[in-house]
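Could you walk me through this model, one selection at a time? I have it open in a viewer and would like to know what to pick next.

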Amino acid sequence: MSTRDFFKNSVLEAFGQVDPAKIGLSLLVALAMGILIYCVYKRFFTGVVYSRSFAVTLVGMCVLTCMVTLAISTNVVISLGMVGALSIVRYRTAVKDPLDLLYLFWAITTGITAGAGMYALVGLTAVVIVAMIAGFASHQDKARVYMMVIHYTGQTTGDDIVRAFGRTKFTVKSKTMRGDKVEMAVEVFSDGVDMPYADAIRALDGVEDLTLIQYNGEYHG
């Protein structure tokens, strides 16, 4: 037997083996991990508007990528056709939260790994990712960041606003002046939910209105 025939027979044997039990187990593992990713995404979501359709997509992504991996590993013709088909697919849906990319890649790689039969790696990666997300989420909750937009009139009112913050850490981000009226945007760092400085600023003479928004470092349109 020549070297060419040896590699040819090895490839055909590798792609020709179909194990229904392995296929069923891989799909079940992918489905279970997809549900886990769905629950983690729902629990630790920090955006503005929660999208249930995106969360369900994560479950489907696990199962579908697992199916693709199983198909590629069992049929050489399908594998070549799948490579050509996927190379022309373009996804144009905008991802508003960069953290959503983590969940997308987690779902895709979980499906691929489950389809390859590496279940221990799937479980170990899930433990590491969940621990990482939970750790960062707990750290973020301890220090809240708010964006405060204040409309007021008069130079002395601006000085009173600065004094009203007291020991609260803040940074003036922008100040827009239109005649006597001033719009000031302030980034405020607060460790708790009590915000006495907001009431003190609102009670100042010359302050027209005050808007306070929790800010997590990301913009969502």
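Here is a short tour with a few stops.

This is a predicted model, in which local features need pLDDT of at least 70 and side-chain atom pairs count only at pLDDT 80 or more, while totals for chains, interfaces and linings use all residues. Residues are numbered from 1 along each chain as its sequence is written, and side-chain values use heavy atoms, leaving out hydrogens and water.

Select H2 (20-43) and H5 (98-115); helices here are DSSP runs of H or I, at least four residues, and strands are runs of E, at least two, numbered from the N terminus. Their axes (lines fitted to C-alpha atoms over the stretch in contact) come within 8 Å and cross at roughly 165 degrees. That makes H2 roughly antiparallel to H5, a label for angles over 145 degrees. Show side chains, and you will find Met-33 and Ile-37 among the H2 residues that meet H5, whose partners include Tyr-103 and Trp-106; contact means heavy atoms within 4.5 Å.

**Stop two: helix H7.** Now select 155-164, where Thr-157, Gly-158 and Ile-161 are buried (under 20% relative accessible area, with exposed meaning over 50% and partly exposed in between; 1.4 Å probe, protein chains only). These residues lie on the same side of H7, because they cover an arc of only 105 degrees around the axis, taken from the directions from the axis to the C-beta atoms. Turn to the face away from the buried side for the exposed Gln-155, Thr-156 and Arg-163.

Methods: Axes are lines fitted to C-alpha atoms, for helices over the stretch in contact, and angles run from 0 to 180 degrees between N-to-C directions. Angles under 35 degrees count as roughly parallel, over 145 as roughly antiparallel, 65 to 115 as roughly perpendicular and the rest as oblique.
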